[in-house]
Amino acid sequence: MENLIIAFNVVLPLMLCIMLGYFLSRIGMIREELRKGMNALSFKVFLPFYLFNSVYTTDVSKSFNGKLMIFCCLAMLAWFGLLMYLIPRMEKENPRRGVLIQAMFRSNFALFGLPMAESLCGAERMGPTSLLIGVCVPLVNILAVITLETFRGGKPSAKKMLIGIAKNPLIVSSLLGVVFNLLKIPLPSAVHKTVTDLGKVATPLSLVALGASFTFASAATYRKHLLLGVGGKLVICPLIMVTLGALIGLRAEMLVPVLIFFGAPTAVSSFPMAQQMDGDGELAASLVVFTSALSILTIFLWVFVLKTIGLI
């Protein structure tokens, strides 16, 4: 029951922000033009500040575990490659292909992972989870850009993809965070506080905009896509990756980040990113909403099973 309460308390604030956005859109306070502006601000300004600060404040020296980092990066690349092969054979429309693939490999790791890891491992043993954010956020964001650029329509252009990656604010901010962290470049306290405060805007703004775009009619329209996306993200992916992680010897605070990295709900930032890069924004919103809601149950079940068999 305690683990269920932990998972519920992590996910519930996200759902309440989504519900607020939905309510405000229904009463006319958030119209289409405003919603698009909120998405653009989140994607181009506030999320980059959040990602930079997350990576910049990670203590690399105390948290590095080579086996965990290599496993998660290689596992993510393998899962991404499998999705890029399978999804185009299951879905005909390019905007939906990119959104489905992104939803199934891109987790709400930073926003969901840190509080979950602290609850499961304790504050003193959550270093591996924090560092994994710094290592994997750039990789995952690069893969997300490649996915959405590939399925924008027409013949994929390597040059266009590289330009898109280089201009993507989420990737630029993550890499800057890595550089500032490794080179130990100090930020003046006033600047750091400003960066931190601006980063805090990212999650509620993204979620309110997400809720404003959501319609229950989309659930019926995208029934097949939601079943595929939610099942792949919350069940199939963590089942494969946690099993492999356990087989190579990852345990306790080293296995928890694997569970969260591959089993957390779809990243909130995947929604504004899909809209900005010509993906199916309505499907992206639905996938974030449904994976966030259902992850309350799936995360509880994963934690219960792994605790029962003594792996965490």
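At what angle do helix 2 and helix 10 pack, and how far apart are their axes? Let's keep that question in mind while we get to know the structure, which is a predicted model.

Start with the overall picture. The protein has 15 helices and zero strands. Of its 312 residues, 55% are buried. If you look at contacts with a separation of 6 or more, 85% of them join residues 24 or more positions apart.

Now find helix 5, which covers residues 94–105. From its first C-alpha to its last, this helix of twelve residues reaches 17 Å, close to the 16 Å expected at 1.5 Å a residue. Helix 5 is mostly covered, with ten of its twelve residues buried. Those buried residues begin with R96, R97 and G98, continue through V99, L100, I101 and Q102, and end with A103, M104 and F105.

Helix 2 runs over residues 32–56 and helix 10 over residues 189–213. The two pack at an angle of about 140 degrees, and their axes lie 7 Å apart. Angles over 145 degrees would count as roughly antiparallel and those from 65 to 115 as roughly perpendicular, so helix 2 and helix 10 are oblique to each other.

Technical notes
Residues are numbered from 1 along each chain as its sequence is written. This is a predicted model: local features need pLDDT of at least 70, side-chain atom pairs count only at pLDDT 80 or more; totals for chains, interfaces and linings use all residues. Side-chain values use heavy atoms; hydrogens and water are left out. Helices (H or I, at least four residues) and strands (E, at least two) are DSSP runs, numbered from the N terminus. Buried means under 20% relative accessible area, exposed over 50%, partly exposed in between (1.4 Å probe, protein chains only). Contact means heavy atoms within 4.5 Å. The expected span of a helix is 1.5 Å times one less than its number of residues. Axes are lines fitted to C-alpha atoms, for helices over the stretch in contact, and angles run from 0 to 180 degrees between N-to-C directions. Angles under 35 degrees count as roughly parallel, over 145 as roughly antiparallel, 65 to 115 as roughly perpendicular and the rest as oblique.
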